[in-house]
Amino acid sequence: MKKTMQGLGIDLGTANLLVYLEQKGIIFNEPSVIAFDRESGKVVAAGRDAHEMLGKVHNKILVIKPLRHGVISDMNAAKALMTYVLRKVENMTEKQLSMTTSVICCPSEVTKIERDVMIDLAKNMGSPDVFIEEEIKAGALGSGVDIFESKGLMIVDIGGGTTDVGVLSFGDIVLSRTIRMAGNFMDDQIAKYIKTTRGIEIGELTAEKCKIDLATLKTDNNTIENRYAGRDIVKGIPRWINVNTKEVREVLEPIFTEIVKLISALLKDTPPELSADIYDRGIILTGGGSLIKGVAEFISERIHIPVRVVENPLTCVAEGTRFLLKNRGDYLVNPLQL
Amino acid sequence: MKNQKTDNGKNMGKRQAVRIGIDLGTSNLLVYVEGEGIIFNEPSVIAMEYETGDIIAVGFNAAEMIGRGHHGIRIISPLNQGVVSDMDAANKLIIMALQKVENVNIDLETSTVLICCPSQVTQIERDSMIDLAKSLGVKDVFIEEEVKAGSIGAGLDIYSSDGCMVVDIGGGTTDIGVLSLGDIVVSDTIRVAGNYFDNEIINYLQYEHGILVGKRTAERVKKDVATLRKNLEAPLSTYANGRDVVSGLPKHVIIKQEEIRNLLIDPFENICNTILKVLQRTPAELSSDIIKKGIFLNGGGATIDGIDEFITDRVFLDVHRSKNPMTAIAEGTKILLQNRGNYFVKPTD
């Protein structure tokens, strides 16, 4: 019976949803956003299409981000989104779904209740066999690091809703800490900054675009300037504004300083033997936040430990589920050798 | 195809069910019939005999009679400020308009009818539009907003997530809407539009020139010289004939373009303020789309000289006139009839 079960790995992130299906690879990699018709409750769009609707809809459409700060805040929407992905994109039938083993990834510091919600979600979808694993564990595996040897490793995952810092050894987490300062928080801060300095309100999508275009933590590079449009908060008319990399850096620096503080706090609590390993192997960075230019230098300058960004920061969690599905997260079994 | 329900066609002989789009404007009535195109594009005016209620004229012919009728003729504009004010007359007007169809024998009972209305009308006013269609014997009727139909007719892709702003300056109402994803996000309607300008002209001529003129004359004066340009390079002038207020004798006056411009500035300031009001309520993400695309103008008011410059000065956005300001709404109904105004079905032409 076990052989017939198909593995399904889900990285249900605040910003992006990735679904890994055994034998097929990553079948879905789009923003975790879903749009409903208000009257009929039907799904109008999901993923990238729904993401484009953010802040642009008329009152007949309801656009929802089912996750907030790494955990499910809207169960119905989360379920609809998952169902949409599996049924529409992958054409999976109910019967096929009842033959799956699912692993859902979550931030390391979530409550039992929040984990149970994730399990409920998969059960609701029709997947009978569900287990929950930490995102950092999957992320480390997905980036090609062997976490099953007796060597300590530190991983920092800067996602959409949460930043997760963990120390791994022997195939599991030794200690970890989560803060709710990550991609979305950066967008909010950028929007807030522009509102206070320019008197222009910009939308969620524009703020995100601004971050992607201009975010850098390098201090010496030439400033790039870009033009964005928003609404004048006094007059209400649309206006263009210029934003440069220096300003965005000013906004991002305090956030990354907080992340560095969190890393140092965790390092302080790390058992000395593992500290020695971390000193050798360095820190690995995953998640969308690691795409910001100069982030590795920024962290290593402050804590004097080598930091490197993995090759696939956005997909490593989903890729890591491939291994976790093999050993069901059991630290004794090294799936890399299976 | 879908529009030819064969079962009904058999029972009704040659009568056919078609899809009809009606732009029932305060000043003009446009009727679009599928397969035929725009079959009627004339003023919404009807002239009836007082006693019998027989129809004497509709459209242009009836409009010619405005202010010239005798006591045997009743000349009616069935719409007032964008909504139906005389149900019976509106009913007759549409029936007469539909008779212009040549090739199809319309079976109204099984046809689908779309009527356009201003965006900010009460439910009762909308219901009166539905009642109007029901009184024609139509069972399948739905109401859509004029701005929506107008923006489609002007060639904008409202089904994308890029927002756009449309200003429709009609006869009775000026409608301002921000559209995205196939429907209206924010809108506002003010009752300052073509007819209001005419009345302003009538009042002005009465007080400044001591002459009483009719609606038709005021409208002609507006069409001749209306402008909103700040600097008039070669000012035009026109004339108006009417009755002297004091002596009661027919009188002829010359009107300068400048006078009309100064007269129009106030109502258009009013329209600009409403545009600003709508922009204030627009979500920031759509504001950023509007600044890229600019504002699109529709309706008779869009043909006024210098209006783009006037609005740009006040709102600081690009202003584009649609190619077919007068017929855009009726052309848009063609698309809306296909998807019944459903925002998430993008109709293909």
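Local features need pLDDT of at least 70 and side-chain atom pairs count only at pLDDT 80 or more, while totals for chains, interfaces and linings use all residues. Residues are numbered from 1 along each chain as its sequence is written, with chains lettered from A and ligands numbered from 1 in the order in which they are written.

**Confidence**
- The model has an ipTM of 0.83 and a pTM of 0.85.
- The average pLDDT of chain B is 88 (pLDDT is the predictor's confidence in each residue, from 0 to 100).
- In chain B, 94% of the residues score at least 70.
- Residues 1-13 of chain B have pLDDT below 50. Beyond near neighbours in sequence, this stretch has 14 contacts in the model (two residues are in contact if their C-beta atoms, placed from the backbone, lie within 7 Å).
- Where pLDDT is low, predicted coordinates should not be read in detail.

**Domains**
- Chain B is assigned domain 1 (6-149 + 329-339), domain 2 (155-192 + 268-325) and domain 3 (194-263); the bounds come from an automatic or database domain assignment.
- Taken over C-alpha atoms, the centres of domain 1 and domain 3 of chain B are 32 Å apart.
- Their contact takes 4 residues from domain 1 of chain B and 5 residues from domain 3 of chain B.
- On the domain 1 side, 1 residue is nonpolar, 3 are polar and none is charged. Ala, Val, Leu, Ile, Met, Phe, Trp, Tyr, Cys and Pro count as nonpolar, Asp, Glu, Lys and Arg as charged, and the others, Gly among them, as polar.

**Sheet**
- Five strands of chain B form an open sheet with mixed pairing, in the order S13-S12-S11-S17-S18. Strands (E, at least two residues) and helices (H or I, at least four) are DSSP runs, numbered from the N terminus; two strands pair if DSSP finds at least two bridges between them.
- S13 (183-190) and S18 (319-321) of chain B are the edge strands.
- S11 (164-169) and S12 (174-180) of chain B pair in the antiparallel sense over 6 bridges. B:Cys164 has B:Leu179 as its bridge partner in S12(B).
- Helix H8 (257-281) of chain B packs on the sheet, touching S11, S12 and S13 of chain B. Its direction makes about 150° with that of S13(B) (axes are lines fitted to C-alpha atoms, for helices over the stretch in contact; angles run from 0 to 180 degrees between N-to-C directions).

**Contact with chain A**
- 25 residues of chain B are in contact with 26 residues of chain A.
- H9(B) gives the largest share of the chain B side, 8 residues.
- That side has 15 nonpolar, 7 polar and 3 charged residues.
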